[in-house]
Amino acid sequence: MARPRAFDEHQVLERAREQFWTTGYAGTRMDDIARATGLGKGSLYGAFGDKGKLFHRVFGDWCTAVVEVAEGRLAGGPDAEALDRLSGYVHLMAENTASDTEHRGCLLAKGTAELAEHDPAVAGRSAETMTALLTLLRTEISAAQRHGDIDGAADPERLAALLLTVVRGIEAVGKAGLDPETVRTIADTALAVLPVPEGEKRPATGRGQAHEK
């Protein structure tokens, strides 16, 4: 009968994630993971496989969390509230970046930049995550169009791609050291350029929701 694991798997994965997040995939050795988690390398290999498999597990969990955060903001609902949901999500992403004083950025972006070219699993998981985010954004944009807050003649797919690029780009420029207020202003500008029906004015969308976690 197999012996039960004498460690908290969730805690071990969190510590492994922190190590990969801090030093990158190439800069992380299994010795570093062992030291960070307090487990021997034999236990790590036995539970999670080699470094690549462990990173895939951590990266996959992170991608799932990224989509879950978006789903929490872009969960659907009355069309009349769709623009507010979009605003809340975009401002939340900007605020998270503005408050990242260590400029560590997002593990999704870091892992993709480092490994996607040579690691099909990372490339595939990253593309899957971006597609899920794009779908959530497109759904809310279509809802806002139905309510008349966004021009119904505009292509929701293109507008969703624009907002996704802004959200992911905010993380990149924030990591590069762009000041927090400029990061927040980027979010404001992206929302302001969404096209409105002819003769209409853009409804006010504040930053208040962005501070909710």
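Two remarks on how to read the numbers. Residues are numbered from 1 along each chain as its sequence is written. Because this is a predicted model, local features need pLDDT of at least 70 and side-chain atom pairs count only at pLDDT 80 or more, while totals for chains, interfaces and linings use all residues; side-chain values use heavy atoms, with hydrogens and water left out.

Start with the whole chain. Its secondary structure comes to nine helices and zero strands. Here helices (H or I, at least four residues) and strands (E, at least two) are DSSP runs, numbered from the N terminus. Along the sequence, the pattern reads α-α-α-α-α-α-α-α-α. Taken along the principal axes, the box filled by the C-alpha atoms is roughly 70 × 40 × 30 Å.

Of the 213 residues, 41% are buried. Buried means under 20% relative accessible area, exposed means over 50%, and partly exposed is in between, with a 1.4 Å probe and protein chains only. The chain exposes about 11000 Å², and carbon and sulfur atoms supply 54% of that area. Those areas come from the Shrake-Rupley method with a 1.4 Å probe; for residues, only the protein chains shown count as cover. As for contacts (heavy atoms within 4.5 Å), take those between residues at least 6 apart in sequence: 70% of them join residues at least 24 apart.

Now the helix packing. Two packed helices are described by the angle between their axes and the distance between the axes. The axes are lines fitted to C-alpha atoms, for helices over the stretch in contact, and angles run from 0 to 180 degrees between N-to-C directions.

How do H1 and H4 pack? Helix H1, residues 9-23, and helix H4, residues 51-73, pack at an angle of about 95°, and their axes are 10 Å apart. That makes H1 roughly perpendicular to H4. The cut-offs are under 35 degrees for roughly parallel, over 145 for roughly antiparallel, 65 to 115 for roughly perpendicular, and oblique for the rest. On the H1 side the contact has Glu9, Leu13, Ala16, Arg17, Phe20 and Trp21; on the H4 side it has Lys51, Leu54, Phe55, Arg57, Val58, Asp61 and Trp62. By class, that contact holds eight nonpolar, no polar and five charged residues. The classes are Ala, Val, Leu, Ile, Met, Phe, Trp, Tyr, Cys and Pro as nonpolar, Asp, Glu, Lys and Arg as charged, and the others, Gly among them, as polar.

H4 also packs with helix H5, residues 82-98, at an angle of about 140° and with the axes 8 Å apart. H4 and H5 are therefore oblique to each other. Val69, Ala70 and Arg73 in H4 meet Arg85, Gly88, Tyr89, Leu92 and Met93 in H5. This contact divides into five nonpolar, one polar and two charged residues.

Staying with H4, glutamate 71 is in this helix. Glutamate 71 is partly exposed, at 40% relative accessibility. Its C-alpha atom is 15 Å from that of alanine 143, which is 72 residues away along the chain.

Next, the cysteines. How many disulfides are there? The count comes to zero, a disulfide being a pair of cysteine sulfur atoms within 2.5 Å. For cysteine 63 the closest cysteine sulfur is in cysteine 106, at 7.8 Å, so the two are too far apart for a bond. Cysteine 63 is buried at 0% relative accessibility, and cysteine 106 is buried at 9%.

Arginine 138 is in helix H7, residues 120-147. At 26% relative accessibility, arginine 138 is partly exposed. Apart from neighbours within four places in sequence, arginine 138 is in contact with Pro156, Glu157 and Ala160.

Leaving aside neighbours within four places in sequence, its contacts are Leu163 and Val166.
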